[in-house]
Structure formats: structure tokens, C-alpha cells
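These are my notebook entries on a structure that is new to me.

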Amino acid sequence: MLEVILEYFLKTFKSRKVVLIPAMSNSTPTARVKTDGFRIKMVNDPAEICRTAAVEIRRLANRTPSATKPITIALSGGSTPRGLHALLATEPTFRDRLPWQHLHFFWGDERHVPPDHPQSNYRMADETLFSPASIPAENIHRVPAEEPDAALAAEKYEQELQAFFGLETGQLPRFDCILLGMGPDGHTASLFPGTAALRETTRLVAANWVEKLNTYRITLTVPVLNHADLVVFLVSGAEKAEALKAVLQGEYRPDRFPAQLIRPDNGKLLWIVDRAAAGSLTHSGKFF
Ligand code: 6PG
């Protein structure tokens, strides 16, 4: 199996500088490929996705420990990151080796609901990460999604980013790490196919009307996502295989597959996917 994957990557990346990284001793066989600024790590299952992401965050957090420069992480919503949060908050190899006092948490997107609502991404992170790890409130920068007016909630969050990052008008915040998921429709954060926020180029945060969900979502915009130092996608499950193939190997159609818009302009992009999600990637396909 591993040979097949490696041979396929060799063929696919003939034209790009490829660095093959041998698998870690205690992990299950995986394939890892590094090209110019974009890496894919294929692992066995959701638990491995979370562990691989936790290792990346521990590495990042210990790379720049300083009293002056906080480490800024934008969390993803959805179900996939739950296991990651639990590892960071409870497993000693992560919990005891993170400079928690320097970690500041934000969100890539939020549902337009109050923080105690079952759909709230803040609530999910509070239950799986902040409370178990006793994160101080001043390190948590949530979207004020209880604001009835979604546009005002987005505006307030934009002001929070401008204040925290000390931005001038027109400047973009540079997150140390942005975690993203991807839906079976190719959406990421709350950038859904065919929605207005896909074309937002000046705002940092947008209130995005999502017709198929019949609701607004509050989301960081593409310029902010692409200004990060590191963007990490966590993608699990066979139901996402076709979208992942389209995003990574298909024609460039970002209005249909918004995850294609994520290409850090001066940062790193890492896809951590499991075998089920990678199931449709093809030999002959090229990568974007
Ligand atoms: C959200 C997310 C969204 C999510 C994907 C994948 O608020 O729902 O930010 O973009 O990451 O829908 O969700 P799952 O991890 O649940 O598959």
C-alpha cells in the first residue's frame, strides 16, 4: 500500500521539487510529500489526523516562545477538530509541552448563534479545549455571534483583530496558524460555494449569507486566511473524497470548490487527510 502511494506521488510530482519524508517510527504507514510551500500528510484515520495536527501545533508553539509575541491560532469549527482539542488539553505530551500563557485563540468562522448554543464553534472549543486546559479568558478571542445583526458581529470581530494585531487600515493580521476543515461540497471556514464572501477582498471578517443553510455565518475572508504563516486543513471521511480530488486535482473552480482559494501568499499550507478522504485521488491527476 505505502509503496503504491509513494510511487504515485513520485509520478505526480515529477515536475516539482519533492522531498519524501520517511514515516515516524510509531505511527502507522503514511505518505508525506512536500512540494513548494504545500505539504500533504496522508494518515490512516481521524485519530491520526488529530495527533499529526497536535504535533504540528506543539512544534509551532515551541518555535516562537516569547513573552512579547503571542502565538495566534485560529480554530476551525465542525466535528473533525474535537479530537485535536482533546489531545492538546489532556494528553501530557501535548498539554505539558505547550506555552499556554502565550497561546491566543481565535476562529476561522462561527455560526450566527449565541456562545451557549449547541451549534456554536466557541462552545465546542470551550468544552473540548478551554475548560479542560483552563485557558484564561483573556487568551480567548471569540466572535460575538450572539449579536442579532450578523454584519455587526463581523464588524466587531474585525475591530477585535485590528486591536489585537495592532493593524492600520488595510493591513492584514498574520496568524501563526489557521486550522481549517473542508465540507463534502468543498467549502472551508464559512466560505460556501457561490456565496458573496468568496469575492470579499477588503474586509477581514464577513457576514456571509448561506442560502442552503438559510442563515448567516461569520467568517474570516480569503485575504486573511492566505496571509497566515501556516494553514492546516484537517479532512477526514469518504464523503469528502470527491471534493478533495476536485480541490487538489481538479480544474480551478473556486466558486464551486472554495477550498481552492486557500493558497497562503507567504506561508505554508499543510493538508492532513485520512485514507478515506484521499480515496479518490488519482495517479494521473496533477495537483494545483
Ligand atoms: C464550521 C466549519 C466548517 C467545517 C467543515 C467541516 O463552522 O462548520 O468551520 O468549515 O470545518 O464543515 O466540518 P466537519 O469537520 O464537521 O466535517
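I began with α6, where I found Ala 150, Ala 153, Ala 154, Tyr 157, Glu 158 and Leu 161 to be buried, a word I use for under 20% relative accessible area, with exposed for over 50% and partly exposed in between (1.4 Å probe, protein chains only). These residues cover an arc of only 140° around the axis, which puts them on the same side of α6; the arc is that of the directions from the helix axis to the C-beta atoms. Helices (H or I, at least four residues) and strands (E, at least two) are DSSP runs, numbered from the N terminus.

Before going on I noted the ground rules: this is a predicted model, in which local features need pLDDT of at least 70 and side-chain atom pairs count only at pLDDT 80 or more, while totals for chains, interfaces and linings use all residues. Residues are numbered from 1 along each chain as its sequence is written, and side-chain values use heavy atoms, with hydrogens and water left out.

I then looked for what covers the buried residues of α6, and the cover includes β5 (103–107), β8 (205–210) and β9 (215–220); contact here means heavy atoms within 4.5 Å. I also checked the length: at 1.5 Å a residue, the 16 residues of α6 (residues 150–165) should span 22 Å, and the end C-alpha atoms are 22 Å apart, which agrees. The expected span is 1.5 Å times one less than the number of residues in the helix.

At the start of α6, I found a side-chain oxygen of Asp 149 within 2.9 Å of the backbone nitrogen of Ala 151. Just after the helix, Gly 166 takes a positive phi of about 60°.

Which strand holds Arg 217? I found Arg 217 in β9, and it is buried, with a relative accessible area of 11%. Arg 217 and Ala 151 stand 66 residues apart in sequence, yet their C-alpha atoms are 9.6 Å apart in space. The side chains of Arg 217 and Ser 190 are joined by a polar contact of 2.8 Å, that is, a pair of N or O atoms within 3.5 Å, where within protein one must be able to donate a hydrogen and the other to accept it, and residues adjacent in sequence count only if both atoms are side-chain atoms.

In α3 (residues 82–90), I listed Leu 84, His 85, Leu 87, Leu 88 and Ala 89 as buried. The partners against which they pack include α2 (46–63), β4 and α5 (121–130). His 85 has a relative accessible area of 1%, and, not counting residues up to four places away in sequence, it touches Leu 75, Met 124, Ala 125, Thr 128 and Leu 129.

Ser 134, in the loop between α5 and α6, has a positive phi near 50° although it is a residue other than glycine, and at 60% relative accessibility it counts as exposed. Ala 189 lies in the loop between β7 and β8 and has a positive phi of about 45°, but Ala 189 is buried, with a relative accessible area of 10%.

I noted eight helices and 11 strands in the protein, and 54% of its 288 residues count as buried.
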